[in-house]
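This report is intended for a reader who meets the structure for the first time. Please keep the sequence and the model in view while reading.

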Amino acid sequence: MTLCIAFHIHSFMDNLVQPFHLLNPYVVQNPQTHMQPRSLSPTSVSLGMSEPQLVSSQFSSQNFSPFFHPLDNLGELKTLSSVRELHAQMVKMPKRGNSVTMDGSMMRNYLEFGDFASATKVFFVGFSRNYLLWNAFLEEFASFGGDSHEILEVFKELHDKGVEFDSKALTVVLKICLALMDLWLGMEVHACLVKRGFHVDVHLSCALINLYEKCLGIDMANRVFDETPLQEDFLWNTSVMANLRSERWEKALELFRRMQSAYAKATDGTMVKLLQACGKLRALNAGKQLHGYVIKFGRVSNTSICNSVVSMYSRNNRLDLARAVFDSMEDHNQASWNSIISSYAANGRLNGAWDIFQKMQSSSIKPDIITWNSILSGHLLQGSYEMVLTNFRSLQNGNFKPDSCSITSALQAVIELGCFNLGKEIHGYIMRSNLDYDAYVCTSLVDMYIKNISLDKAEAVFHHSKNKNICAWNSLISGYTYKGMFNNAENLLNQMEGEGIKPDLVTWNSLISGYSMWGHREEALALMKRIKSLGLTPNVVSWTAMISGCCQNNNFMDALQFFSQMQEENVKPNSTTICSLLRACAGPSLLKKGEELHCFCMRHGFVDDIYVATALIDMYSKGGKLRVAHEVFRKIQEKTLPCWNCMMMGYATYGRGEEVFTLFDSMCKTGIIPDAITFTILLSGCKNSGLVMEGWKHFDSMKRYNITPTIEHYSCMVDLLGKAGFLDEALDFIHAMPHKADASIWGALLSACRIHKDVKIAEVAARNLFRLEPYNSANYVLMMNIYSSFDRWGDVERLKDSMTAMGVKIPNVWSWTQVRQTIHVFSTEGESHPQEGEIYFELYQLVSEIRKLGYVPDTHCVLQNIDEKEKEKVLLSHTEKLAMTYGLMNIKDGSPIRVVKNTRICQDCHTAAKYISLARNREIFLRDGGRFHHFMNGECSCNDRW
C-alpha cells in the first residue's frame, strides 16, 4: 500500500455514504477554513492530554464520553437501517449546533448496532480531531467489543479512496500498530511521513520510536531519534524510556547526559526509571549525578523520585546515604517507608529494619503487606529461615492476608529448613485462597515437593497449575535433573515443545547444571554445543551452571578448566561464577589459584560484592590464611549474617574459641540476629577448644532466640563432652535428647573413645554405627585402632573378617601437596612418585632429627600383628608423611607446607607433624577427612582433639 494520495474529497464522500444517500461532509483537515494541517502536533505528551476548553464543552455526560444523543428522535432508532437513514438526513440538513456532538451521536449509534466500520469512517472523516477525542473514541469502540484491527482496515480503505490524514490521526494509527504489533503497516506509514514532511512532527517520531523499539529493536528506534531534526523534551524522554525498557542501561544514561547538554528536561517518570537503572547497574557515580540533578532542579519534593534515590543508594551498598535521603524527605508515603525498610532488610541490617518498622507503626502510615514482604525477603536473603516463618505467622496474626510474594518467601524457607509438613499446610492455604494461579507460587511448590523427594506431588502441582508458564516447566525439569532423572527431564522437554512452548536458555541451563552436578561432563558439554546449534549463545549462567555443578560434585579442576574456556569465549563472569570458583579453590585448598582469583576480583570490582567477600573469607580460612581472611572481613562495610558466620567458622575450625566468642559478641552488638548455623559454629568452637562450660551456655541460650536445637547441635555437644573426657555424660546426653541418634552422634562418641581409650563405650558406639552405616569402612578402621591400642588382635581380625564378609573395602588412601603450579600425589595404590628414593632418604633423616626432640613412633596405628621394627617401617610409608617431606624438600622460601589427605590423619603422623614443625620451624597446614590441622612450634590447632 502506498500512502501518497491525491485528495479528491467529493468523489470519496460519494463512495463513503452510498448507503446513506448523498453526503456533503466537512473537509478532513479543517471543516471551516480548509487549511492544510500543521506540521507539528500540539505539545500534549499523550493521547490523554489536549484542549481543556473543548473537553468541558463537549463532554458533559457522567460517563465522560462525547457520544451522547442530542436529537430528540435518536431514542426511536430501532434498526441499523434507521440509523443510516437518520445519518443521511443529518448530512443533507444545514449544519446547526455542535457538529462534533452530532457526529459523536451517530458514531455511538453505529457502535450500538455493531457497525464498527461505519462508526470508524464517521470518526475519521467527520471530526475536527484532537487527542482526547481519539482516546474517547477508542475506549468507546473497545467497550462495544470492537477489534482494533478493524480501525486499521478502515484506515487502509480510506487511504485507497484518496483521504489524507493529519499528524494526529497518523500518530494514533501508529499507536494502534504498536498495540497490534503490525510492523509492516507502521513502516508504510513511516514512508508516507517522510514523503509528506511529517517526519519533523515530534509526536509522530515518538510513536515511531515506541513502535520500532517493540517490533524491530532498540537500534532502529535510536536511529529514528537521531534522524529527527527537532528534538524536543518529549522526544528525549521517549527515547530514554525506550532504551530503559530494552535494558540498554548505559545508552539511556548517555542520552540523559546529552539531554542536559541540549537543555532538555527529564520528566519525573524518566528520572525514576534512570535511578532504578543505576541501582541495577551498581552505577553509584551515575546515581549520584542523577541525585544532583534532582536537587538542582527542585525535584526533592517529588516523593516517588526520592524513593527511587533511596533504592538506588541501597542497591549500591550505600545504606548510609539511603538513610540520609529518607530522613531529609519532607513527606513519607507508604512506598517511602517500604523502600527504606526493604533497603535495610536486603543489606542484612534486620535490626535496623525492625526499628524503622516500629517508627512506621507509630506514624500516620501503617505497615501493609509489602512492608511485611520486605521483612520476609530480608530474612530469607540473610539465611534466617526460622525468622522468615516466625514473621510469616506474625503477618497472619496481624490480620494481613499473605499474597503470592509472602507465600513464595515462606515456601523457600520451608525448603531450606526441611519443614515439609508446614509446607503442606501452606499449600492448603494456597488452594483455599486461589493463589495457585501465580507462576512463582507454582514454581516454589514444585521445588518444595522435589526437594522433599515427592516428585509425584510435584508433578501433580505442575499438571493442576492454572497458570502454567515456562517458569513452571523449567522448575520441574530442574527438579528432574537435580535428582539425576535425565530421561524424565528429556521427556518433559519434548512435551514442553509439543505444547508450543519453546525452551529458553533457563531450560537448557537447568539440564547443563544437572548433568554437570552428577558428573556427566561430556553430556553437559554436548548440551552447550546443542544450544549453539539452536542459534542461542551460552551465557554467563550456562558457564556458571557448568562450574557450579563441577564444584558440587567435587570436580574442582574441571571447574577451573571451564572458567578458562569461558574467558576464551569472551563471556564475563558474574559474582555467582566467582563464588563457585572460590569454593572450588577452598575445596582442595588450591590456595594459589584462590589468590589469583582474588586478584581477578580486585581488577574487575568484585571485592565489594558481599557474596564474593564471604567466599574469599571461606577460601582463605580453609587455606590456613586466617589473617588474610580477617583482613577481607574487616574491610566489609555492611557485614551480613553469613559473613559473620563464615569468619567465626574459620576461627572455630582452628580451635580458636576465644576469637569466635569475641566475634559473636561484636555481631550481636551490630543488631544482627544469630541463626541455627551461628550456634553450630559456636559449639564447634567450644568442642575444638575444649570449652565445656561455654558450650553449655551457648546451647542453653538458643531458646532465647527461638531456635530449636537440631541434630547438628546435639552432635556438637556429644563431641564436646566426649573429647573433654565426659564419656558417661555424653552417653547419657544421647539417651536423653529428643532426636534419634544418627551416625554423626555415634561417630563423635567413637572418636572421643579413641582419644580416651574407653573400649566399653566405644563398642556401644561402634555397634550403632555398624547398624546405621554398615558399609562405611572408616568406622571399622577407627574401632580397629582402639582394639590395636590394647593389643586385642583377635578383635582386629574379627572386624577384618566382618568387612570381608560384607564386601567392605578400605578405599585408596592418598595425600597431595602443591609445589609451584604442580600437584604431587602420594597414594597407597598406583604408581609411586618418581622421586620416591630421595623422599624416603630425606624422611629417614627427618625422623632421626625429631627423635632427638622426643618423638616416639606410635606403632598402635599399624593394624597388623607384626614386630615393632616392621611397624615403624610401615609408619614411614604413610602418605601424609611423604607429602610433608616432599614439601620441605622443594619449598625453600619458608612458606607454609600445605597437605590434603582424603582420610583421617593417624595418631603417629599427627605427632610427627608437630615435631617436624618444631624441628624445621615451618608451619604445616593439613586438611584430613575430618578437619583442619595447623601445626606450628610443636603444637596443633586442634589441641589434640580430633
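## Basis and overall composition

The model is predicted, and local features require pLDDT of at least 70, side-chain atom pairs count only at pLDDT 80 or more, and totals for chains, interfaces and linings use all residues. Residues are numbered from 1 along each chain as its sequence is written, and side-chain values use heavy atoms, with hydrogens and water left out.

The chain holds 49 helices and 6 strands; helices (H or I, at least four residues) and strands (E, at least two) are DSSP runs, numbered from the N terminus. Of its 946 residues, 53% count as buried. Here buried means under 20% relative accessible area, exposed means over 50%, and partly exposed lies in between (1.4 Å probe, protein chains only). The accessible surface of the chain is about 43100 Å², and carbon and sulfur atoms hold 51% of it; such areas come from the Shrake-Rupley method with a 1.4 Å probe, and for residues only the protein chains shown count as cover. Among contacts in the chain with a separation of 6 or more, 65% are accounted for by residues 24 or more positions apart. Contact means heavy atoms within 4.5 Å.

## Packed helix pairs

Two packed helices are described by the angle between their axes and the distance between the axes. Axes are lines fitted to C-alpha atoms, for helices over the stretch in contact, and angles run from 0 to 180 degrees between N-to-C directions. Angles under 35 degrees count as roughly parallel, over 145 as roughly antiparallel, 65 to 115 as roughly perpendicular and the rest as oblique.

| Helix pair | Axis angle | Axis distance |
|---|---|---|
| α44 (777–789) and α45 (793–806) | roughly 165 degrees | within 8 Å |
| α32 and α33 (591–604) | about 160 degrees | 9 Å |
| α46 (836–851) and α49 (907–919) | about 85 degrees | 10 Å |

The axes of α44 and α45 cross at roughly 165 degrees, so α44 is roughly antiparallel to α45. On the α44 side, the contact includes Ser777, Tyr780 and Met783, and on the α45 side it includes Trp793, Asp795 and Arg798. By class, this contact has 9 nonpolar, 2 polar and 3 charged residues. Ala, Val, Leu, Ile, Met, Phe, Trp, Tyr, Cys and Pro count as nonpolar, Asp, Glu, Lys and Arg as charged, and the others, Gly among them, as polar.

The angle between α32 and α33 is about 160 degrees, and therefore α32 is roughly antiparallel to α33. Their crossing is also left-handed. Ile578, Leu581, Leu582 and Cys585 of α32 meet Lys593, Gly594, Leu597, Phe600 and Cys601 of α33. These residues comprise 7 nonpolar, 1 polar and 1 charged.

For α46 and α49, the angle is about 85 degrees, which means that α46 is roughly perpendicular to α49. Leu846, Glu849 and Ile850 of α46 meet Ala912, Tyr915, Ile916 and Ala919 of α49. The contact contains 6 nonpolar residues, no polar residue and 1 charged residue.

## Individual residues

Methionine 784 belongs to helix α44. Methionine 784 counts as buried because its relative accessibility is 1%. Not counting residues up to four places away in sequence, methionine 784 touches Val796, Leu799, Lys800, Met803 and Leu863. Its C-alpha atom is 8.6 Å from that of glutamate 797, a residue 13 positions apart in sequence.

Asparagine 373 is part of helix α20 (residues 369–381). With 7% relative accessibility, asparagine 373 is likewise buried. Asparagine 373 touches Asp403, Cys405 and Ser406, residues up to four places away in sequence not being counted.

Three further residues lie in loops. Glycine 418 sits between α22 (404–417) and α23 (420–432) and is partly exposed, at 37% relative accessibility. The C-alpha atoms of glycine 418 and asparagine 452 are 7.4 Å apart, although 34 residues separate them along the chain.

Glutamate 247 is in the loop between α12 (233–245) and α13 (249–261). This residue has a positive phi, near 60 degrees, and is not a glycine; glutamate 247 is exposed, with a relative accessible area of 55%.

Asparagine 570 occupies the loop between α31 (556–568) and α32 (575–586). Its phi is positive, at about 60 degrees, although asparagine 570 is not a glycine. At 69% relative accessibility, asparagine 570 is exposed.

Definitions and conventions: Left-handed = near helix turned anticlockwise from the far one by under 90°.
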